[in-house]
Number of protein chains: 2
Amino acid sequence: MSFEVNVRKVVPYVPGEQPNRPNMIKLNTNECPYPPAPAVKEALAKLESADMRLYPDPTADLLLQALSDVYHMPKNQIFVGVGSDDVLAMAFLTFFNSDKPILFPDVTYSFYDVWADLFRIPYKTCALDEKFKLCVEDYKQPNGGIVFPNPNAPTGVLESLKDVEEIVAANPDVVVIVDEAYVDFGGTSALSLVDKYENLLVVQTFSKSRALAGMRIGYAFGSTKLIGYLNDAKFSFNSYTMNRPSLMAGAACVRSVDYFEEITAKIIATREWTKAELAKLGFTFPDSYTNFIFATHKSVPAEEIYMALREQDIFVRYFKKPRIDNYLRITIGTDEQMQVLIEFLKKYLNNR
Amino acid sequence: MSFEVNVRKVVPYVPGEQPNRPNMIKLNTNECPYPPAPAVKEALAKLESADMRLYPDPTADLLLQALSDVYHMPKNQIFVGVGSDDVLAMAFLTFFNSDKPILFPDVTYSFYDVWADLFRIPYKTCALDEKFKLCVEDYKQPNGGIVFPNPNAPTGVLESLKDVEEIVAANPDVVVIVDEAYVDFGGTSALSLVDKYENLLVVQTFSKSRALAGMRIGYAFGSTKLIGYLNDAKFSFNSYTMNRPSLMAGAACVRSVDYFEEITAKIIATREWTKAELAKLGFTFPDSYTNFIFATHKSVPAEEIYMALREQDIFVRYFKKPRIDNYLRITIGTDEQMQVLIEFLKKYLNNR
């Protein structure tokens, strides 16, 4: 026998690559093309090196208070973590402990099955329809919990709040997690349902619309009961998850409401322009309510375009997976970046 | 039925309080009384707010390279996390999956049983002897893994490298974790045994001797096999644990070897002075090899002294637990802070 017998062996999630090429156009991990709010710069400038010898506030009160003020939710209904992945991992560990399978879409965030495997949670995927929409009825079968992104990734498809509520209402005996990483780009949050349904957890992130992917901040809204259980698990795992810079920068960031609205509006405008241009070039895509477009070309294989773009140091995301291996997930960058992308695609598709 | 049936219900670890009183003397969470190295200040000043829109490097290469250079270990034998608590939690999840109980001392870091409960790992505690020393023979019984701090907390007691090796060598079929949060204050690290024993994981932290508790950085050394499994689990939990400030500050910090040696030497000198003064006042304590002293008074109850100190805004740690409820854990502060403490104790014990 060896110590390896008792090792939890898992196949890890593979994050999008983080290339670092001069002048690259990085449209592969759905980052924000704009810098974080000016208040973040001020907060970072104010960091006192000497304070770093002291533990941060384990309750993360500075950040909770900012989220509470901006979202008009009491602090005991808010949870924060090291990115929404940390929040989701902790939620899986806390809430998904049934013998029945948890349910999520077949085409979705590719971390869900990884967390399920890590925590040995049985799961079952429900096929999206041919337009990549959820089938609400699928989520009325016996289950141990439900998780789905809205809008969905990598498809960009938005489900109506009515459909989300129908799923939450049909499952009072399990926790339903709505992963809203991309909701700020035109979606409607389920936050308004949190006080109506004690079993609903709404997860959001600072990594996309708030331009703070490098700071690792995610958060969740839920009933006091759900947030209480989540905090108990979190404080049984790591008391001090949020470091001092993330508390300071995060609070400054979330309070910068005008800037947030300005950059999300810009990204939405760029997205709509990109949609029109991609359509002219023979691409089709489900209508996107996110900061990316999930596009397939009428004649040229996605993998080929992906490789051709790479050679130009234009990075988009390609998933070699069933149903989606002929799609590219293209993050919305600045207007200039999208113009370069479109110009290259025009030439490439013409001269091929 | 309700969703609460499948909630993982746990009793969380309670971290030492983080009071914030003007002019307080904070000797309750074993922080470093000195600021981090000057290079940390420079690293923080160089943080570019605009870069924060991008994810950090998920491999944490900047930090791994610095640790690799300073400790002369290859990068694939080093793991980093959000404080050593994050590293330890991940190690429990990855390595402790046996039906047999894991073993740890009865008087030790109070997070071990919390992690065991969170992950539903059976455990058994082994009683320290009357001098708070480990009994090596206790760790030769059938088990699913072993974890102990060396030096131990909250006692400050150091076990010899020979005894540590005997435990590791006697348990080739399980992972043995040596938690060296306090090793830099006079202990001998088991790092030298890592290449000899594939089942040994040595965990250290930036929160004590490196004065970066506020940045949340912990790390571990082990065989390529152990570190590989640990990374697989970590990348199945959260790809991006270390944020940009922690990578930059952490790398600068670990490379500041001279400063590190200077402040640890100062803390050791202050500790030795404090030991002599406490002894004069009628305290006894196991000889400490850490940045704290675990002291009991010959006649005055620890809880009473703890409360009296609190009233002066002098915070030490008191654990109301079997075997140790008549002890105070006193962090070593600056010379000035320890003088204030000793002066107060002198007066208090005389006038009582």
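The questions and answers below concern a predicted model with chains A and B.

Me: In this predicted model, how are the two copies, chain A and chain B, related?
Reply: Chain A can be laid on chain B with an RMSD of 0.0 Å, by a turn of 180° and a shift of 0.0 Å along the axis. The two copies are therefore related as by a two-fold rotation axis.

Me: What share of the contact residues of chain A recur in chain B?
Reply: The superposition of chain A on chain B uses a turn of 180° with a shift of 0.0 Å along the axis. The same surface serves both copies, and the share of the contact residues of chain A that recur in chain B is 99%.

Me: Which helix gives the largest share of the side of chain A that touches chain B?
Reply: The contact between the chains involves 70 residues of chain A and 69 residues of chain B. On the side of chain A that touches chain B, the elements giving two or more residues are helix 1 (38-45), helix 3 (83-95), helix 4 (112-118), helix 6 (224-235) and helix 7 (244-255) of chain A. The largest share, 7 residues, comes from helix 3 of chain A.

Me: How many nonpolar residues are on the side of chain A that touches chain B?
Reply: In all, 70 residues of chain A are in contact with chain B. By class, that side of chain A has 13 charged and 18 polar residues, and its nonpolar residues number 39.

Me: Is helix 3 of chain B mostly covered or mostly uncovered?
Reply: Helix 3 of chain B runs over residues 83-95 and reaches 18 Å from its first C-alpha to its last, which is close to the 18 Å expected at 1.5 Å a residue. A residue counts as buried if 20 or more other C-beta atoms lie within 10 Å of its own. In helix 3 of chain B, 13 of the 13 residues are buried, and the helix is mostly covered.

Me: With which residues is Ala91(A) in contact, leaving aside its neighbours within four places in sequence?
Reply: In soluble globular proteins, nonpolar side chains tend to be buried together. The largest nonpolar core here has 244 residues, and Ala91(A), Trp115(A) and Ile146(A) are among those with the most contacts inside it. Leaving aside the neighbours within four places in sequence, the contacts of Ala91(A) are Ile177(A), Leu201(A), Ala220(A) and Leu230(A).

Me: Is Ala211(A) buried or exposed?
Reply: Ala211(A) is in the loop between strand 7 (200-205) and strand 8 (218-221) of chain A, and has a positive phi of about 60° although it is not a glycine. Because Ala211(A) has 27 C-beta neighbours inside 10 Å, this residue counts as buried.

Me: Is Phe132(B) buried or exposed?
Reply: Phe132(B) has a positive phi of about 65° although it is not a glycine, and is found in the loop between strand 4 (123-126) and strand 5 (146-149) of chain B. With 21 C-beta neighbours inside 10 Å, Phe132(B) therefore counts as buried.

Me: Which are the edge strands of the open sheet in chain B?
Reply: The open sheet is formed by 3 strands in the order 9-10-12, with antiparallel pairing. Strand 9 and strand 10 of chain B pair over 2 bridges, while 4 bridges join strand 10 (residues 292-297) to strand 12 of chain B. Each edge strand pairs on one side only, and the edge strands are strand 9 (283-284) and strand 12 (328-331) of chain B.

Me: Which residue in strand 12 of chain B stands opposite Ile293(B)?
Reply: Strand 10 and strand 12 of chain B run antiparallel. Phe292(B) has Thr331(B) in strand 12 as its bridge partner, and the residue in strand 12 that stands opposite Ile293(B) is Ile330(B).

Definitions and conventions. Residues numbered from 1 in each chain as written. Chains lettered and ligands numbered in written order. Predicted model: local features only at pLDDT ≥ 70, side-chain atom pairs only at ≥ 80, totals over all residues. Core = buried A, V, L, I, M, F, W, Y, C linked by C-beta atoms within 7 Å. Buried ≥ 20, exposed ≤ 12 C-beta atoms within 10 Å, placed from the backbone. Contact = placed C-beta atoms within 7 Å. Expected span 1.5 Å × (residues − 1). Nonpolar A, V, L, I, M, F, W, Y, C, P; charged D, E, K, R; others polar. Least-squares fit on C-alpha atoms with pLDDT ≥ 70 in both. Pairing = 2+ DSSP bridges.
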